[in-house]
Amino acid sequence: MSIATPPGSPSPPLPPGDRRSRILGGRQWEGRYSVPIAVASTVIFFTVLILLVINSPGWPEVKRSFFNVQVFRESFPDISRKFLKNVGAFMIAEVFILVLALFIAVLRSLPGPVFFPIRALALGYTDLFRGIPTILVIYILGFGAPALQLQGVPRSPFFWGVVALVLVYSAYVAEVYRAGIDSVHPSQVAAARSLGLTRWQGLRFVVLPQAVRRVVPPLLNDFIGLQKDTALLALVGVLETFRQSQVDVAGSFNYTPYLATALLFVLITIPLARFTDWLVARERRRHQAGSAL
Amino acid sequence: MTRAVAIEGVHKAFGRVEVLRGVDLEVARHEVIALIGASGSGKSTLLRCVNLLEPIDAGRVVLGDEDITARRVDENEVRKRIGIVFQAFNLFPHMTVLRNITLGPVEALGLSRGEAAERADELLRRFGLLDKRDEYPDRLSGGQQQRAAIVRAMAMQPDLLLLDEVTSALDPELIAEVLDVIRELAEAGMTMVLATHEMGFAKDIADRVSFLDEGVILEEGPPDKMFSEPEHPRTRTFLQRIIAAGRL
């Protein structure tokens, strides 16, 4: 039942039933006509939709201000160059989030009454940063922290914007990690401890590896959100892709640059989303293969 | 005979439920004790208490001549000397069989990976699992998994091995291979306490049988006597039920 997948292969050899049922949304549609039917219905659906839009009374105006090929050509190179800044912010933030969130999650899982203050602190952290709108954290840190004029601390809005994203997303990701830790059965801990491993060794070798493996899909979900939220850095003056598109819109009196920016985000987030789906499906197949024995 | 472990007046309650109500049990070195009793009589709890996986409320457990239930005892040091095998195997699913077995020796005992692997291979060969060393547990049958779990415990070279109903989760045709492993360990002189429902097996390999009933050892003795002419009426009732179920 389990299928060997070459490492790094983007499209694993799925059994045909799985492939079809996933796209078509149900095994009952499996059959030799399922693919042509899906193609035909998709084509018809989108043809109707497009006809509706381009026949609407306001379409010529919308087309001029949102789908201007000339403006797109002029603004796209600049916007995509600035998009690298978003990707950079995303990647830097991601590394710190993965580490900080794991740390918080471990603190929250410390047992016993002695660690109550630490658990409470970790709980307070996650409650606080999940409670405040991301945009406010970015404003407060982006404008407030540089004003402190601390020695040896960067004052760039980019730095503080990324710090804000790290703080907010770590709270979410810590919860994801914690769910993973909780999902590892206590008997695994008992087995680790019975071998004379310390609590920390049990966590490190037995609990966390299993926990992290289980939460990779939800983690990637959060990272899709993070990637999008890098656009918020524009609000504290980081010249990233969204800010650039605003500049271009103001210069050309045309909204097409917004569309170009949206396109760039989608180009990154959609593959990430499909990759997540693929991981979930693979995990499910593995699980079934395991329990079938 | 030198004493391996002495359990003295051990009490254990979970909330208001008193599971162990003063258990006394002595195990000599190289002795095999079969712990029998109905489900819920406290067999598993007793074994977990000996391995310090559950703290006890009163009494003490003496390993060799050290009171391991005293304060200030390093429970990790104690557990290195007492192995336990669980009913549900509890192998680590994300590790190969070999890594399952070497984890304790490497991380807790401080052996090098090479030494630990050598030790593991020797045990795997002895118990017919050498070809499974690089497999993940979910590729193994239940019987193979349980044998691997026994090897994992034995790789720590414990003074005492606790077996907690190790065949209860297995399909009938897989039980024999696990019992063979235990039999071999008994013949090699391993000190063992096994909680079991396999009365025939207990009769076969145990030096002594202890009947645990409502949290106390009600009766104990050599298997011949325990299974043929038990003294206590409750022991008799229990064994009659077992016989009626065709398990003896």
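Two strands count as paired if DSSP finds at least two bridges between them. With that in mind, look at chain B of this predicted model. Here strand E4 (residues 58–63) and strand E5 run antiparallel to each other and are joined by two bridges, so the two strands count as a pair.

## A strand enclosed on both faces

Now move along chain B to strand E3 (residues 32–36). Is this strand buried or exposed? Five of its five residues are buried, so E3 of chain B is largely enclosed by the rest of the structure. In a regular strand, side chains alternate between the two faces of the sheet. You can follow both faces in E3(B): B:Val32, B:Ala34 and B:Ile36 lie on one side, B:Ile33 and B:Leu35 lie on the other, and all of them are buried.

E3(B) also has strand partners. It pairs in the parallel sense with strand E8 (residues 192–195) of chain B, over four bridges, and in this pairing B:Leu35 stands opposite B:Ala195. Strand E9 (residues 208–213) of chain B also runs parallel to E3(B) and is joined to it by four bridges. There, B:Ile36 has B:Phe211 as its bridge partner.

## Chain A, a chain of helices

Chain A reads quite simply: it has eleven helices and zero strands. Of its 293 residues, 28% are buried. Among the contacts in chain A with a separation of 6 or more, 72% are between residues 24 or more positions apart.

The domain assignment of chain A lists domain 1 (16–54) and domain 2 (75–292). Taken over C-alpha atoms, the centres of domain 1 and domain 2 of chain A are 34 Å apart.

## Where the chains meet

How many residues of chain A are in contact with chain B? There are 18, and they are in contact with 19 residues of chain B. H8 and H9 of chain A each supply at least two residues to the side of chain A that touches chain B. That side divides into eight nonpolar, eight polar and two charged residues.

In soluble globular proteins, nonpolar side chains tend to be buried together. The largest nonpolar core in this model has 123 residues, and A:Tyr177 and B:Val151 touch the most other members. Helix H7 (residues 157–183) of chain A gives this core its largest share, 15 residues. A second, separate core has five residues, including A:Phe76, A:Ile79, A:Phe83 and A:Ala260.

Let's visit two residues of chain B. Leaving aside neighbours within four places in sequence, B:Val151 is in contact with B:Ile101, B:Leu123, B:Leu124, B:Phe127 and B:Leu129. The other residue is B:Val85, found in strand E6 of chain B. Why does B:Val85 count as buried? It has 28 other C-beta atoms within 10 Å, and a residue is buried if that count is 20 or more. Not counting residues up to four places away in sequence, B:Val85 touches B:Ala149, B:Ile150, B:Ala153, B:Leu163, B:Asp164 and B:Val166. B:Val85 and B:Leu161 are 76 residues apart along the chain, while their C-alpha atoms are separated by 7.8 Å.

## Confidence in the model

The mean pLDDT of chain B is 93, and 99% of its residues reach 70 or more. The model scores ipTM 0.91 and pTM 0.81.

Note on methods. Residues are numbered from 1 along each chain as its sequence is written. Chains are lettered from A and ligands numbered from 1 in the order in which they are written. This is a predicted model: local features need pLDDT of at least 70, side-chain atom pairs count only at pLDDT 80 or more; totals for chains, interfaces and linings use all residues. A residue is buried if 20 or more other C-beta atoms lie within 10 Å of its own, exposed if 12 or fewer, and partly exposed in between; C-beta atoms are placed from the backbone. Two residues are in contact if their C-beta atoms, placed from the backbone, lie within 7 Å. Domain bounds come from an automatic or database domain assignment. Ala, Val, Leu, Ile, Met, Phe, Trp, Tyr, Cys and Pro count as nonpolar, Asp, Glu, Lys and Arg as charged, and the others, Gly among them, as polar. A nonpolar core is a set of buried Ala, Val, Leu, Ile, Met, Phe, Trp, Tyr and Cys residues joined through C-beta atoms within 7 Å. pLDDT is the predictor's confidence in each residue, from 0 to 100.
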